[in-house]
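Thanks, everyone. I'll keep this short. Please have the sequence and the structure open while I talk.

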Amino acid sequence: MKISMTVNGKPVSAEVEARTLLVTFIRENLRLTGTHVGCDTSQCGACTIHLNGRAVKSCNILAMQAEGADIVTIEGLAKADGTLHPMQEAFREHHGLQCGFCTPGMVMSAVDLVKNHPNPSEETIRAELDGNLCRCTGYHNIVKAVKAASAKM
Amino acid sequence: MYAFNYQNPKSVADAAAALSKGGDAKLLAGGQSLIAAMKLRLSAPTDLIDLGGIKELSGIKVEGNNISIGAMTRHAEVARSKEVQAKIPALASLAGGIGDRMVRNMGTIGGSLAHNDPVADYPAGVLGLNATVHTNKRKIAADDFFKGMFETALAAGEIIVSVSFPVPKRAAYIKFKNPASRYAIVGVLAAETASGVRVAVTGAASSVFRVAAMEKALAAKWSADAVAGISVPADKLNSDLHASAEYRAHLITVMARRAVEAAK
Ligand SMILES: Cc1cc2nc3c(=O)[nH]c(=O)nc-3n(C[C@H](O)[C@H](O)[C@H](O)COP(=O)(O)OP(=O)(O)OC[C@H]3O[C@@H](n4cnc5c(N)ncnc54)[C@H](O)[C@@H]3O)c2cc1C
Ligand code: FES
Ligand code: FES
């Protein structure tokens with residue numbers, strides 16, 4: 001089937017099978033491999049992207065469900081000149097990652113979190129990030145990073 | 001996932017027509033339950049009819065003393081809705097407690113009800129608040145809608161269009177969630193509605209159910225103490241690795257008490 005959407009500001013289109021998952025389309029057709037697949041069962045949040053401004057798990061959505069949509073992946077967050085998004089900068093500053101596998105999903109989810117809860121409390125951050133699993137950090141520095149970024153967004 | 005034909009109708013009438021074309025066609029709403037099942041090959045429809053492009057299916061409307069929620073309205077929209085927060089805060093908080101924020105950004109009320117997962121939250125909201133499910137063919141009262149595990153009164157080819165919730169005098173939903181999946185181990189919605197007191201329990205048995213003894217006690221006196229001594233027999237409740245039937249029975253009373261307390 002023919003599919004078209006805007007990804008990180010650029011129009012893209014391709015011929016895909018209807019059963020293609022959005023994450024497969026992003027990683028394999030578009031070669032944007034910053035979006036990770038941790039579980040493939042919609043538990044871990046590593047595949048989180050923005051679909052028309054809402055954070056969603058791209059492993060649990062068909063590419064066809066994003067027909068005509070505006071998609072932002074982790075690659076689309078920094079400015080064209082390489083300046084990091086405040087959330088990315090805060091993750092770096094506060095050591096909010098270790099292996100980095102969960103990080104693209106964490107950052108995309110956290111950006112959506114702060115958009116909906118400006119100036120979130122630590123409790124809100126912990127509750128609202130519960131769809132993103134991290135095996136390394138124990139979350140503490142992630143929470144600090146989100147809190148710090150929220151002041152700058 | 002097995003291959004299927006994908007269709008993207010623009011109206012409920014077109015979706016109904018596509019659904020009745022034969023084959024094993026299925027509706028796709030948010031996909032948060034269905035796509036997972038298709039990946040596991042537990043579900044293998046020949047045709048998938050995506051409701052995502054049908055504008056008339058989404059949105060929240062206040063109609064007199066009712067709030068009508070379109071079938072494709074996402075959990076996050078219900079949780080954030082100023083109208084729902086003001087008139088039925090129990091429903092806004094129920095929707096805001098489903099899964100995680102990414103699931104709430106995709107999952108829909110229609111999909112959740114049609115799926116009727118025994119551990120889902122919305123069934124308790126619909127049954128406890130005495131809502132009415134509107135389909136493309138008829139209206140179904142909450143008491144007639146939930147038929148058993150993953151089973152509803154929906155006929156083949158029937159599409160949920162909206163759900164209408166009468167504004168209760170007071171209501172609260174409290175769930176004891178599974179910390180990994182966020183689904184309800186036990187969730188209780190207690191409400192005083194125009195049609196009487198209702199107590200609906202999800203997560204505990206093969207499908208959502210009401211507790212008549214608690215309703216009667218609360219009708220006499222709305223207080224947490226009124227339900228504290230009432231328990232549901234464990235013999236029809238679920239036992240699994242998360243909780244035994246006895247523990248679920250215990251939780252029903254505790255969640256009911258808390259819900260009554262919260263519904264001031
Ligand atoms: C990680 C995770 C955690 C979750 N946690 C919870 C939780 O805590 N509580 C909870 O309640 N749920 C939870 N869910 C389920 C979630 O709420 C789903 O959104 C919901 O069960 C299904 O809604 P959907 O819109 O995604 O429907 P889909 O998956 O698209 O469809 C589900 C079924 O409903 C049918 N259907 C869809 N729309 C209609 C319609 N309008 N008319 C008739 N039939 C229709 C479909 O054909 C399909 O059979 C969770 C899901 C995930 C992935
Ligand atoms: S890969 Fe999508 S949620 Fe884990
Ligand atoms: S940093 Fe390794 S999984 Fe989160």
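This is a predicted model: local features need pLDDT of at least 70, side-chain atom pairs count only at pLDDT 80 or more; totals for chains, interfaces and linings use all residues.

I'll go through the two chains, then the interface, then a handful of residues.

Let's start with chain A. It has five helices and five strands. Read from the N terminus, the order is β-β-α-β-β-β-α-α-α-α. How does its radius of gyration sit against that of a compact globule? For 153 residues, a compact globule would come out near 15 Å, and chain A has 15 Å, so the two agree. Along the principal axes, the C-alpha trace covers about 45 × 35 × 25 Å.

Next, burial in chain A. Of its 153 residues, 51% count as buried. The accessible surface is about 7,000 Å², and carbon and sulfur atoms hold 51% of that. Now contacts along the sequence. Take those in chain A with a separation of 6 or more: 57% of them involve residues 24 or more positions apart. And the charges? Chain A has 15 positive and 15 negative, with mean positions 3 Å apart.

On to chain B. Here we count 12 helices and 14 strands.

In chain B, 56% of the 264 residues count as buried. The chain exposes about 10,900 Å², with 52% supplied by carbon and sulfur atoms. For contacts between residues at least 6 apart in sequence, 58% join residues at least 24 apart. On charge, chain B carries 31 positive and 22 negative side chains. The centres of those two sets are 4 Å apart.

Now the interface. How many residues of each chain take part in contacts between A and B? On the chain A side there are 29, and they contact 27 residues of chain B. Together the chains bury about 2,300 Å², 51% of it on carbon and sulfur atoms. Which residues of chain A lose the most area to chain B? Arg19(A), Asn60(A) and Gln65(A) do, and together they make up 26% of what that side buries.

Let's zoom in, beginning with chain A. Thr20(A) lies in the loop between β2 and α1. Is Thr20(A) buried or exposed? Its relative accessible area is 13%, which is under the 20% cut-off, so Thr20(A) counts as buried. Leaving out residues up to four places away in sequence, Thr20(A) touches Phe25(A), Leu62(A) and Ala63(A).

Two backbone angles in chain A are worth a look. As background, most residues other than glycine have a negative phi. Asn8(A) has a positive value, near 50 degrees. Find Asn8(A) in the loop between β1 (2–7) and β2 (10–15). Its relative accessibility is 24%, so Asn8(A) counts as partly exposed.

Ser42(A) sits in the loop between α1 (22–29) and β3 (48–51). At 13% relative accessibility, Ser42(A) counts as buried.

Leu57(B) is in the loop between β3 (47–50) and β4 (60–63). With a relative accessible area of 0%, Leu57(B) is buried. What does Leu57(B) contact, leaving aside neighbours within four places in sequence? The list includes Val12(B), Leu51(B), Met72(B), Ile160(B) and Val161(B). Also look at Ile69(B): 12 residues along the chain from Leu57(B), with the two C-alpha atoms separated by 8.6 Å.

Last one: Gly128(B), in helix α8 (residues 122–128). Gly128(B) is buried, again at 0% relative accessible area. Not counting residues up to four places away in sequence, Gly128(B) touches Leu189(B), Ala191(B), Thr193(B), Arg198(B) and Ala200(B). Take Thr193(B) from that list. Gly128(B) and Thr193(B) are 65 residues apart in sequence, yet 9.0 Å apart from C-alpha to C-alpha.

That's the tour. I'm happy to go back to any residue on the screen.

Key: Residues are numbered from 1 along each chain as its sequence is written. Chains are lettered from A and ligands numbered from 1 in the order in which they are written. Side-chain values use heavy atoms; hydrogens and water are left out. Helices (H or I, at least four residues) and strands (E, at least two) are DSSP runs, numbered from the N terminus. Buried means under 20% relative accessible area, exposed over 50%, partly exposed in between (1.4 Å probe, protein chains only). Contact means heavy atoms within 4.5 Å. Accessible areas come from the Shrake-Rupley method with a 1.4 Å probe; for residues, only the protein chains shown count as cover. Lys and Arg count as positive and Asp and Glu as negative; His and the chain ends are not counted. The place of a charge is taken as NZ of Lys, CZ of Arg, CG of Asp or CD of Glu. Buried area is the accessible area (1.4 Å probe) that two parts lose on being put together, summed over both. The radius of gyration is taken over C-alpha atoms; the globule rule is 2.2 Å times the number of residues to the power 0.38.
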